[in-house]
Amino acid sequence: MSGLLEELAYTKGLAEGLLEGAESEAVVRVVKRLLSLSELMAARITEIEAQQKKLNEYVETVDGDLDRLERTAYGISEADGRESRCPSCKEKLVYDADILNRGGEVECPACHHNVLLEAAE
Ligand SMILES: [Zn+2]
């Protein structure tokens with residue numbers, strides 16, 4: 001969130017101008033503390049966002065790997081593979097298109113509900 005750091009810099013500029021004319025020493029101390037706290041929070045949030053981005057990329061990679069593993073485990077070729085979502089738990093279902101010719105029902109591996117697959121996907 002780059003806007004956060006810009007907003008903080010702008011607010012600091014405003015506060016510094018205000019503090020120059022401030023008569024109360026206590027107000028100056030409190031405002032300075034709040035600014036330091038804001039800087040600390042902005043730094044932490046920026047760090048967390050960077051970690052989150054890395055984690056998202058990693059999860060996407062793992063998800064792709066898992067897709068390939070599922071296709072291999074169930075003997076589904078890339079060309080025949082279809083995907084759907086379990087209506088109860090939203091788990092991704094990977095199945096062979098051929099299953100549609102055999103009733104089109106699969107068991108969700110996550111919640112074990114039987115899911116009737118639609119031919120038109
Ligand atoms: Zn399910």
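Student: How many helices and strands does this model have, and in which order do they come?

Tutor: The model is predicted, and its protein chain holds 2 helices and 4 strands. Read along the sequence, the pattern is α-α-β-β-β-β.

Student: Why is the protein chain called more spread out than a compact globule?

Tutor: Its radius of gyration is 27 Å, whereas the globule rule gives 14 Å for 121 residues. The value is well over the rule, so the chain is more spread out than a compact globule. Along the principal axes, the C-alpha trace spans about 85 × 25 × 20 Å.

Student: What share of the residues is buried?

Tutor: Buried residues make up 1% of the 121 residues in the protein chain. A residue needs 20 or more other C-beta atoms within 10 Å to be called buried.

Student: What share of the contacts joins residues 24 or more positions apart?

Tutor: Among contacts with a separation of 6 or more, such pairs account for 26%.

Student: How is the protein chain divided into domains, and how far apart are their centres?

Tutor: Domain 1 covers 1–73 and domain 2 covers 77–121. The C-alpha centres of domain 1 and domain 2 lie 41 Å apart.

Student: How do you know that the length of H2 agrees with its number of residues?

Tutor: H2 has 49 residues, and at 1.5 Å a residue they should span 72 Å. The end C-alpha atoms of H2 are 70 Å apart, which agrees with that expectation.

Student: What makes H2 a helix that lies largely in the open?

Tutor: Of its 49 residues, the number buried is 0, so H2 lies largely in the open. Aspartate 63 lies in this helix. Aspartate 63 has 10 other C-beta atoms within 10 Å, and the cut-off for exposed is 12 or fewer, so aspartate 63 is exposed. Between the C-alpha atoms of aspartate 63 and tyrosine 74, 11 residues apart along the chain, the separation is 16 Å.

Student: Why is isoleucine 76 called partly exposed?

Tutor: Isoleucine 76 has 19 C-beta neighbours inside 10 Å. Buried would require 20 or more and exposed 12 or fewer, so isoleucine 76 counts as partly exposed. Isoleucine 76 sits in the loop between helix H2 (25–73) and strand S1 (81–85). Leaving aside residues up to four places away in sequence, isoleucine 76 touches Arg71, Gly81, Val94, Tyr95 and Asp96. The C-alpha atoms of isoleucine 76 and glutamate 25 are separated by 73 Å, with the two residues 51 apart along the chain.

Student: What makes S1 and S2 a pair?

Tutor: Pairing takes at least two bridges, and 5 bridges join S1 to strand S2 (residues 92–96). The two strands run antiparallel. Serine 84 has leucine 93 in S2 as its bridge partner, and glutamate 83 stands opposite valine 94 in S2.

Student: How do you know whether lysine 90 is buried or exposed?

Tutor: Lysine 90 has 11 other C-beta atoms within 10 Å. The limit for exposed is 12 or fewer, so lysine 90 is exposed.

Student: Where is histidine 112, and why is it called exposed?

Tutor: Histidine 112 is in the loop between strand S3 (105–107) and strand S4 (114–116). There are 10 other C-beta atoms within 10 Å of histidine 112, so it is exposed. Histidine 112 also has a positive phi of about 65°, although it is not a glycine.

Student: What is the average confidence, and where is it lowest and highest?

Tutor: The protein chain averages a pLDDT of 87, and 94% of the residues score at least 70. Confidence is lowest in S1, with a mean of 83, and highest in H2, at 92.

Technical notes:
Residues are numbered from 1 along each chain as its sequence is written. This is a predicted model: local features need pLDDT of at least 70, side-chain atom pairs count only at pLDDT 80 or more; totals for chains, interfaces and linings use all residues. The radius of gyration is taken over C-alpha atoms; the globule rule is 2.2 Å times the number of residues to the power 0.38. Two residues are in contact if their C-beta atoms, placed from the backbone, lie within 7 Å. Domain bounds come from an automatic or database domain assignment. The expected span of a helix is 1.5 Å times one less than its number of residues. pLDDT is the predictor's confidence in each residue, from 0 to 100.
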